[in-house]
Every structure is written in structure tokens, then in C-alpha cells.
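Dear colleague,

Please find the structure below for your files. My notes on what was found in it follow directly after.

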Amino acid sequence: MNGSAGAAGGASYGNGQGNYADGVSSAALPKAAPEDLKKVCEMWKTIVNDTSGMFRVVLSSAVPKYNSQDENDKRLYVVFADFLAERYLNNAERKAELEQLIAERVGKQVEVKFVIAQDEGLQRGMLSRIDIDERVREQVHMDIDIVEDDDLQN
């Protein structure tokens, strides 16, 4: 990570080393609120693009979710689609990397919990997917055409 993590899709708050321009550690940032988790989900593709290798591949098919039934649970649950991500479930280094990338994007400390989709049933009823397209439709009272990132590159 090199501090330019935010250059492609927005502001970068940190230097990629856990410290921010004013010398403050990412651990000293305020903890994320539910609305910050929604912002992370809106930026998910951009955050994933800041990773590399196999980690990027498994994150691209993962779904970010949050606990909608407990306002005190401010963790972002990254629900992996299949067993290919199993090696990352207890990987503290990758978890810290993702938490740092998120902090650089939103300026808040977000705790990440990795979950495999088949194990999501253990939290069933708690986790909610944030459907950004639906949120936009709720806020904008007119016809909206959703353009996928893939369409923009062609």
C-alpha cells in the first residue's frame, strides 16, 4: 500500500501505513457509525480495486453487509461467496489491510469480520445487504438508469 489508494476514486485520508497526514494512527480515528458502513458499501468496488492478487479476486465476489438489528454492532461483515476465500477468514494481515484501506477512504475506523456465505446462516436475520441502487431510487423521484462499471470501460 502506498498512500495513493484513494487516487482513483476519491480522497485518500492516509499514507497507507496506518498513519495519516497529520501523524494520527488509523486506530485513533473515530469508530464508524451505521451510515459510515453504508458509505463503505457504496465505495466497495473502489476499495476492492485497491487490493491485489487472489485477495482482490475473492473480495470482488464478496458482499459487504452490516448488522441491521443491533445499532451497537458497527462491524462490516464481508461475506465471501465460496470456499476459495477460506484462507482469509482468520488472516489478521489481510483483515488489517482491508480495514486500513477503508479508513483511508472514509476517515473512520471500521472493524471487518470475514464470513463465508454458507456460514452466514449463523448470523441469519442480523445481516443486511445494502442495495445502493434501491437506496438511490428511494431518494431520487425520477427514472434512473444504473450504469455498471463494465459498461463505462467499453
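In this predicted model, Leu76 stands opposite Val112 in strand S3. Strands S2 and S3 pair in the parallel sense over 6 bridges; two strands pair if DSSP finds at least two bridges between them. From S2 the chain crosses through H4 to S3, and this β-α-β crossover is right-handed (clockwise from the first strand over the helix to the second, with the strands pointing away from the viewer). Helices (H or I, at least four residues) and strands (E, at least two) are DSSP runs, numbered from the N terminus.

The structure also holds 3 aromatic pairs; rings of Phe, Tyr and Trp (its six-membered ring) pair if their centres lie within 6.5 Å, with planes under 30 degrees apart counted as stacked, over 60 as edge-to-face and the rest as tilted. The rings of Phe55 and Tyr88 have centres 5.0 Å apart and planes at 50 degrees, so this pair is tilted. Because Phe55 lies in helix H3 (residues 53-60) and Tyr88 in the loop between S2 (75-80) and H4 (92-106), the pair ties together parts that are 33 residues apart in sequence. Phe55 is buried (under 20% relative accessible area; exposed is over 50%, partly exposed in between; 1.4 Å probe, protein chains only), at 0%, and Tyr88 is buried at 2%.

Phe80 and Phe114 form a tilted aromatic pair, 5.2 Å centre to centre with 50 degrees between the planes. This pair links S2 to S3 (residues 111-116), 34 residues apart, and both Phe80 and Phe114 are buried. Ring pairs link Phe55, Phe80, Tyr88 and Phe114 into a cluster.

Residues are numbered from 1 along each chain as its sequence is written, and side-chain values use heavy atoms, leaving out hydrogens and water. Local features need pLDDT of at least 70 and side-chain atom pairs count only at pLDDT 80 or more, while totals for chains, interfaces and linings use all residues.

With kind regards
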